[in-house]
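Subject: Handing over a structure

Dear colleague,

I am passing the structure below on to you, and I would be grateful if you could look through it before reading my notes. The notes come after it.

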Amino acid sequence: MGAVLVFCESDDKGVRSSSLPALTAGAALAKASGGPLVAVVIGKGVGAAAADAAKHASRVLAYDDAKLEAPLAETWAPQLADAVKRAGASALLGTASSTGKDILPRAAALLGAGMASDITAVVAANKFKRPAYAGNAIEEVEIGGSVVVASVRQTAFPPSAGGAAGAVETVAVGAVDALGAELVALHATQKSARPDLGEAKVVVSGGRGMREGKNFKVLEELTDLLGGALGASRAAADAGMVPNELQVGQTGRVVAPQLYIAVAISGAIQHLAGMKGSKVIVAINKNPEEPIFQVADYGLVDTWEKAIPALIAEVKKLKG
Amino acid sequence: MKILVTCKRVPNPEHKLKFGGGKIDLGAASWQLNTFDEYAVETALRLTEAGKGGARSGEVVALSIGPKDVQQQLRGVLAMGADRAILVGGDDATLDAWSVARVVKAVVEREKPDLVVLGKQAVDGDSNQVGQILAGLLGWPQATFLASIRLAADGKSATVTREVDAGVEEKRVRLPAVVTVDLRIIGKKAVRAEGLAGADAEWDESPRYASLKGIMAAKKKEIKDVTLAELGVDAAPTMKVTAYEAPPQRQAGVKVASVEELVAKLHNEAKVI
């Protein structure tokens, strides 16, 4: 079998931590298929990222070009397809982030390769497990053809620990055609010092019962006290109480923190799909019949207006 | 402006799945239009309207793949206001994203739309691939997971916002293009065709319901049956589901009586704070 290629997203400091679980999945797949693990980084000025990726792979392909500065599917997918051919890869993996979800299927199209989305386990070189039906079914899927593409569910694999010393190879980038697409701007909305939702040890989420955006202030206070990330249910995001990127669920982010606190969230199937993998789940809701209590390790029947300020005071007491 | 919008039927996501022999039993499923596709239809319609209930310009063609029964969902889309529909006969249970993308590509080549609008994912397979594969096969630009779209007055480009993990990305694509829509797209002012709808044009904060008039009109609209052979498409999937299983179930835990008890349990028992 050929090499396993892992698409590593990066910033100017190095490989993004969200890509480290994909490297772990890649290593498992490389073991199953008997090929080497190769990392690929794309962008403008990706030297630090390439050096960082070399800690996790036996070879790194760096596509470094001013025309690749913006992460456009139109320009990046052809580089991934090129990297697969250059590495003689039989598999292309990447994290199922918003970037991975955008670019990997397009790369699969260019390669004529089948793709499994959001894999949670590697069964064999072309066999994976993945959730479907909002996490209510686990599928085992088999991909035909000579190359397989898969996006990796970040929470299903531990981050790669590193320890390799791969050789970095800077690839001469050919003509880049954005097909008339351009990135106009990126408005980063969550500028806070909070950890990313996908990586936070603690996530505090609010639901429809929070009623309006300004009521999330008290949840933010609890979140920061616990050093966590703020999340929300689809109902709260739909109602415009919080930006959509805070949405946890089937159609939002999938999280699996040590502690998940669901506040005024009923526990719709599609929300549970995004947080059922959490180690400890706490539900706070005034209605004891809500389905969220069926998955919660600890349930508190109370209004958020009463419970959250009391919880903040109690945690402060604990932390001295 | 001619817009092709894809529609998939899915089993009602609120119903509990029945497993048997490594398969999911959908024999008794009640089918409905995938939510994101409903949003895609709403988006396509708004792009041909001057505002809620305003004048229309352009054509919206709905496309689905599946058995005859899917006519029911397509009738609903025609009742919302789509102009006509195409139903490609096939077994929707065995198709994967690749089969669907190949079928849509063949229809695009026949219909030559300016824009293809898809839901970002179907809530049964949860793959989130068809739009991107389609764009890759066509060599068209793509804009996925849209929160808003503004069509330029000359109809030659669209400026969109996409909700990404890091925030909101603003992207411009030349037409023809493939776009996939996310939840926010049904915001009051999220969709607008410049030159057709003024800056103050707005719609309801939800996909529209079919009116009685719409339902009556839909009966006279065309649903064209097309076969895979007529399209010359090989719809063989590249991904096969070899087994299904139920996910591990979480056990309900305990109810605590007070915040003090909760914090004590989280600290001493679960050791997570």
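What follows is an account of what was found, arranged by region.

This is a predicted model, in which local features need pLDDT of at least 70 and side-chain atom pairs count only at pLDDT 80 or more, while totals for chains, interfaces and linings use all residues. Residues are numbered from 1 along each chain as its sequence is written, and chains are lettered from A and ligands numbered from 1 in the order in which they are written.

Domains of chain A

Chain A is divided into domain 1 (3–171) and domain 2 (202–319), with bounds that come from an automatic or database domain assignment. The C-alpha centres of domain 1 of chain A and domain 2 of chain A lie 32 Å apart. Their contact takes five residues from domain 1 of chain A and nine residues from domain 2 of chain A, where two residues are in contact if their C-beta atoms, placed from the backbone, lie within 7 Å.

Strand β4 of chain A

Helices (H or I, at least four residues) and strands (E, at least two) are DSSP runs, numbered from the N terminus. In strand β4 (residues 37–43) of chain A, seven of the seven residues are buried, so the strand is largely enclosed by the rest of the structure; a residue is buried if 20 or more other C-beta atoms lie within 10 Å of its own, exposed if 12 or fewer, and partly exposed in between, with C-beta atoms placed from the backbone. Both faces of β4(A) are covered, with A:Leu37, A:Ala39, A:Val41 and A:Gly43 buried on one side and A:Val38, A:Val40 and A:Ile42 buried on the other.

Two strands pair if DSSP finds at least two bridges between them. β4(A) pairs in the parallel sense with strand β1 (residues 3–7) of chain A over four bridges, and A:Leu5 stands opposite A:Val38 in β4(A). β4(A) also pairs in the parallel sense with strand β5 (residues 59–64) of chain A, over six bridges, and here A:Ala39 stands opposite A:Val60 in β5(A).

A loop residue

A:Pro158 is found in the loop between β11 (148–152) and β12 (167–171) of chain A, and A:Pro158 counts as exposed because it has 10 C-beta neighbours inside 10 Å. Although A:Pro158 and A:Pro21 are 137 residues apart along the chain, their C-alpha atoms are separated by 5.3 Å. Leaving aside residues up to four places away in sequence, A:Pro158 touches A:Pro21 and A:Thr24.

Between the chains

In all, 73 residues of chain A are in contact with 66 residues of chain B. Helix α4 (residues 98–111) of chain A gives the most to the side of chain A that touches chain B, with eight residues. Strand β18 (residues 298–301) of chain A and strand β16 (residues 254–256) of chain B run parallel and are joined by three bridges, with A:Gly299 opposite B:Lys255 in β16(B).

In helix α7 (residues 259–269) of chain B, the residues B:Val259, B:Leu262, B:Val263, B:Lys265 and B:Leu266 are buried. What covers the buried residues of α7(B) includes β17 (280–285), β18 and α8 (304–319) of chain A together with β16 of chain B. The face of α7(B) turned away from its buried side carries the exposed residues B:Asn268 and B:Glu269, and just after α7(B), B:Lys271 takes a positive phi of about 55 degrees.

With best wishes
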